[in-house]
Amino acid sequence: MKAYIISGPQNLGADNLKLMDIPTPNATDDLVLVQTEAVGLNPVDYKLADDGNQNWHYPHVLGVDVAGIIVACGKNAKTSLRVGDRVCGHANLEENGTFGEYVLMHDYSLALIPETVTFEQAASILCGGMSAFQALYRKANLTGKSTILIHGGAGGVGSVAIQLAKRLGLTVITTVSSKKIEFVKMAGADHIIDYQTENVTEHVLKLTNGQGVDISINSISNEEIMQDILNRLAYNGQVISLSNSPFNVNMLDLAEKGLTISALNLGGAHRFHTLSEKADLATMAQELVQMIANNELDPMIGKIISFDNLVDGLSALKASQVTGKIVVKLS
């Protein structure tokens, strides 16, 4: 099969991805072999390409999101999965990934794609969409809450989070650059702050009558998380962090305003032995694709590109030249 690989730890970086012929893997144990129809591109993909992972075995296939057709099931795979099923899932980033014509997926991670949902739509809603879903439906305390600040509303997480937050009845404030304002209006944001020209804190306080927001979803930086905690959250407010970089919580007096910091690690479920959390990966994906089928959620695909252009898509994503989701179509 053809797949995009990193040949070794000395050849990291998206520019070093090579499209090569490698053996098609076999489905064993609880693994399911999926013929790839579409993959979604995510910031984590180029970050992994640049940084690598100590648990990789080389050559390593990159990619974490896939939508496709089951062609084989391991002997211990769930009996509810059948050859021919249309499925999607978020892969374990420590194992060979999804940027190939076939991919091995763990049975617990796969959701069935409704017939009215395309492979491209399903692939687009996984990493970013599931992160947004986990933030709002698994992490957030919504009791008595009415306002939310979603940083980076034009990104894969932000654009879905805006739509989900509106479904939950929250007033949505989001930050974007000026060229992406119309995009987040389409997603349904109530208030839009151009972070390049406007003071985010001042606008948040003005929009909330000086109280601050009840919830913030922040995937930008530790500096912005600190600003949320110190200046933008209301009493009993909560920031949900998607940042991978730790910061010193001991520096903060969270008790004064009853604040909460929640860390989100979507793919971490693969690497721990909590079976319910592993199974929840499929549950969240299933909820999202069903929302698409019910016309309750727009995956907001910005561009669909060919398999040959995958590296160019990652480069555009890394350069922030993308509005909406980039999806790679294989067939």
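**Briefing: a parallel sheet, its helices and its ring pairs**

Helix α6, made of residues 200-207, lies across strands β9, β10, β11 and β12, and runs at about 160° to β11. The model described here is predicted. The points below cover the sheet, the helices and the aromatic rings.

**The sheet**
- Six strands make up an open sheet with parallel pairing, in the order β11-β10-β9-β12-β13-β14.
- Strands β11 (191-194) and β14 (260-263) are at the edges with a single partner strand each, so one side of each has no neighbour in the sheet.
- From one strand to the next, the twist averages 15°.
- Strand β10 (residues 171-176) runs parallel to β11 and is joined to β11 by four bridges.
- In this part of the sheet, valine 176 stands opposite aspartate 194 of β11.

- Helix α3 (residues 127-139) lies across β9, β12, β13 and β14, at about 135° to β13.

**Aromatic rings**
- Three aromatic pairs are found in a search of the whole structure.
- Tyrosine 4 and phenylalanine 307 form an edge-to-face pair, with 5.0 Å centre to centre and 80° between the planes.
- Tyrosine 4 is in strand β1 and phenylalanine 307 is in the loop between β15 and α9, so this pair ties together parts 303 residues apart in sequence.
- Tyrosine 4 and phenylalanine 307 are both buried.
- The rings of phenylalanine 133 and tyrosine 137 are stacked, because their centres are 4.4 Å apart and their planes are at 15°.
- Phenylalanine 133 is buried, with a relative accessible area of 3%, whereas tyrosine 137 is partly exposed, at 28%.

**A charge over a ring**
- The charged end of arginine 86 sits over the ring of phenylalanine 119, 4.5 Å from the ring centre.

Note on methods. Residues numbered from 1 in each chain as written. Predicted model: local features only at pLDDT ≥ 70, side-chain atom pairs only at ≥ 80, totals over all residues. Heavy atoms only, no water. Pairing = 2+ DSSP bridges. Helix = DSSP H or I, 4+ residues; strand = E, 2+ residues; numbered from the N terminus. Axes fitted to C-alpha atoms, helices over the stretch in contact; angles between N-to-C directions. Contact = heavy atoms within 4.5 Å. Phe/Tyr/Trp six-rings, centres within 6.5 Å; stacked < 30°, edge-to-face > 60°. Buried < 20%, exposed > 50% of the residue type's maximum accessible area, 1.4 Å probe, protein only. Lys NZ or Arg CZ within 6 Å of the ring centre and 35° of its normal.
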